[in-house]
Amino acid sequence: MSSNGNHNLHIFFFPFLAYGHIIPTVDMAKLFAEKSVKATVITTPGNAPFISKAIEKAKTNNNEIQIQTIEFPSAEASLPDDLENIDSIPSPDLFGAFFMATTLLQEPLEQLLLKQRPNCIVADMFFPWATESAAKFGIPRLVFHGFSFFSLCATTCMGFYKPDNDVSSDSESLVIPNLPGEIKIARMSLRPYGRSQATGFIKLLAEAKESELRSHGVVVNSFYELEKVYADYFSKVLGRKTWHIGPLSLCNRDMEEKANRGKGASVGDHECLKWLDTKKPKSVVYVCFGSTVVLPDSRLREIATGLEASDQQFMWVVRKRKEDGVEWLPDGFEKRMEGKGLIIRGWAPQLLILEHEAIGAFVTHCGWNSILEAASAGVPMITWPIFADQFFNEKLVTEVLKIGVPVGAKKWVGVEGDNITSDVVEKAVKTITIGEEAIDMRNKAKELSKLARRAMEEGGSSHSDLTTLIEELTSLAF
Ligand code: UDP
């Protein structure tokens with residue numbers, strides 16, 4: 001028995017197969033393992049190597065954390081063999097098939113449960129069937145939400161009231177009914193219009209909401225002080241039994257741990273960090289659209305032109321499906337920007353970049369991990385949502401927390417349709433870096449960064465919730 005009495009508690013952590021879900025789930029497993037819980041991360045063989053790298057440090061600290069793999073049913077789902085992570089999807093048309101294929105993971109999960117029965121499964125919200133699997137084995141299932149309370153409340157309110165029937169055009173805004181704060185959003189930001197997989201995806205979201213109600217409770221990667229009103233609304237008004245235990249990224253205290261998340265490499269291999277060391281505090285704008293978004297060349301060109309016109313230093317992470325020449329950059333761009341701007345083609349050590357003192361602002365697609373990481377590092381944002389919860393997260397950042405400026409993107413997967421030209425990018429970069437408004441947003445972000453760290457410390461709101469959760473699971477198990 002360990003000093004806090006949790007020695008025998010064993011939890012399965014089962015993330016959805018995307019970096020944006022695996023990264024916080026692995027952080028969560030590490031956090032539980034630090035509390036003497038035996039943590040097992042369930043994943044597929046293709047995702048195991050980088051998870052293994054991410055937990056190396058935790059293991060050397062004698063925490064009980066391991067990986068169990070189950071086969072991904074590529075052939076059964078008629079998907080390419082090596083497609084085990086959303087990141088490697090060759091075409092957006094395969095998203096629907098990929099989501100549907102993950103439902104085939106239920107059977108191998110249950111076979112694993114037959115062999116080793118944990119005391120609890122913390123499974124991603126995109127695995128609604130995990131509630132049923134856990135019930136078959138008489139163990140509690142917790143839903144993991146890598147989403148903000150704000151977006152969880154907003155999507156639930158939308159689901160109840162279907163207000164989009166009340167507006168006459170896609171560009172018209174509607175007030176999210178009953179959501180505190182009178183938040184308005186354009187109908188075209190709410191769902192993937194005109195895509196063949198939309199119906200399947202909307203059905204999956206409905207199943208996820210439903211399984212949330214049947215599960216033992218909900219674990220959210222957020223902290224109370226960041227979105228109090230919405231955390232309370234989610235638990236007290238919408239009635240979810242909730243524990244908030246974030247920001248999970250803060251469980252990585254060591255530089256190597258921070259560098260090794262996702263597809264990262266060792267600190268020394270990241271030249272971009274050395275580049276940042278040469279820059280003045282708050283002088284660089286970091287641009288990154290997460291792990292799955294691939295922008296069309298036309299949009300990359302507008303970003304490049306806007307960054308150059310803003311006259312600010314920048315570090316820009318560019319993802320492309322295939323390298324198709326350099327037409328996406330204006331003529332002579334890289335030569336002109338030498339020393340002033342750095343383009344990273346591939347994976348960036350985002351946590352270390354955001355925490356670097358040279359970073360003054362972040363252009364983000366509003367993935368929840370990115371926003372939470374920026375808020376924890378005290379970095380104000382330019383928000384450019386592309387799809388999913390990103391439009392809701394933008395509202396939280398710009399209208400509730402007031403630590404960001406929007407570029408004005410409105411349409412779900414609408415990078416071609418939105419008129420976001422270089423002058424819009426230039427104006428947003430200037431607004432977030434120069435003048436009174438910029439100082440005000442930076443100060444607010446700094447304050448949030450302090451609150452985030454406090455939440456994770458002994459006695460802080462997230463630390464207390466984690467302790468309560470472990471106590472409850474222990475009492476259920478023994
Ligand atoms: N990330 C990173 N380097 C990259 C791209 C992404 O470290 O080059 C990490 C980022 O820090 C975050 C996650 O990948 O933890 C992306 O999650 P997010 O929710 O922001 O967006 P998604 O990729 O799910 O759209």
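Which residues does Lys258 touch, not counting residues up to four places away in sequence? They are Asn252, Pro349, Leu351 and Leu352. Touching here means contact: two C-beta atoms, placed from the backbone, lie within 7 Å. This is a predicted model, in which local features need pLDDT of at least 70, side-chain atom pairs count only at pLDDT 80 or more, and totals for chains, interfaces and linings use all residues. Residues are numbered from 1 along each chain as its sequence is written.

**Overall build**

- The protein has 18 helices and 15 strands. These are DSSP runs, numbered from the N terminus: helices are H or I with at least four residues, strands are E with at least two.
- The radius of gyration is 22 Å, close to the 23 Å of the globule rule for 478 residues, so the protein is as compact as a globular protein of that length. The radius is taken over C-alpha atoms, and the rule is 2.2 Å times the number of residues to the power 0.38.
- The C-alpha trace spans about 65 × 55 × 45 Å along its principal axes.
- Of the 478 residues, 47% are buried. Buried means that 20 or more other C-beta atoms lie within 10 Å of the residue's own; exposed means 12 or fewer, and partly exposed is in between.
- Take the contacts between residues at least 6 apart in sequence: 70% of them join residues at least 24 apart.

**Ligand shell**

- The ligand has 20 residues around it, and Gly20, Gly290, Gln350, Gly367 and Ser370 come nearest. A residue counts as near if its C-beta atom, placed from the backbone, lies within 6 Å.
- Elements giving two or more residues to this shell are α1 (19–34), α13 (350–355) and α14 (368–377).
- Helix α14 supplies the largest share, four residues.
- By type, the shell holds nine nonpolar, nine polar and two charged residues. Nonpolar covers Ala, Val, Leu, Ile, Met, Phe, Trp, Tyr, Cys and Pro; charged covers Asp, Glu, Lys and Arg; the others, Gly among them, are polar.

**Nonpolar cores**

- The largest nonpolar core has 135 residues, and Phe13, Tyr286 and Ile382 have the most contacts inside it. Such a core is a set of buried Ala, Val, Leu, Ile, Met, Phe, Trp, Tyr and Cys residues joined through C-beta atoms within 7 Å.
- Helix α1 gives the most to this core, with nine residues.
- Another core, of five residues, lies apart from it; among them are Met188, Ile386, Ala388 and Trp412.
- Beyond its neighbours within four places in sequence, Tyr286 contacts Met315, Ile353, Leu354, Ile359 and Phe362.

- In α1, 15 of the 16 residues are buried.
- Just after α1, Ser36 takes a positive phi of about 70 degrees.
- Phe12 sits in strand β1 (residues 10–14). It is buried, with 25 other C-beta atoms within 10 Å.
- Outside four places in sequence, Phe12 contacts Thr40, Ile42, Pro118 and Ile121.
- Phe12 and Ala101 are 89 residues apart along the chain, and their C-alpha atoms are separated by 21 Å.

**Two lysines in helices**

- Lys258 lies in helix α9 (residues 255–259). With 20 C-beta neighbours inside 10 Å, it counts as buried.
- Lys258 and Phe391 are 133 residues apart along the chain, with 27 Å between their C-alpha atoms.
- Lys228 belongs to helix α8 (residues 228–237). It is exposed, with 12 other C-beta atoms within 10 Å.
- From Lys228 to Lys38 is 190 residues in sequence and 31 Å in space, C-alpha to C-alpha.

**Backbone exceptions**

- Most residues other than glycine have a negative phi, and most peptide bonds are trans.
- A cis peptide bond, with omega about 0 degrees, joins Gly246 and Pro247. Pro247 is in the loop between β9 (242–244) and α9.
- Ser78 has a positive phi of about 55 degrees. It lies in the loop between β3 (65–69) and α3 (95–102), and it is exposed, with 10 other C-beta atoms within 10 Å.
- Lys282 has a positive phi of about 60 degrees. Its loop runs between α10 (271–277) and β10 (284–288). With 16 C-beta neighbours inside 10 Å, Lys282 counts as partly exposed.
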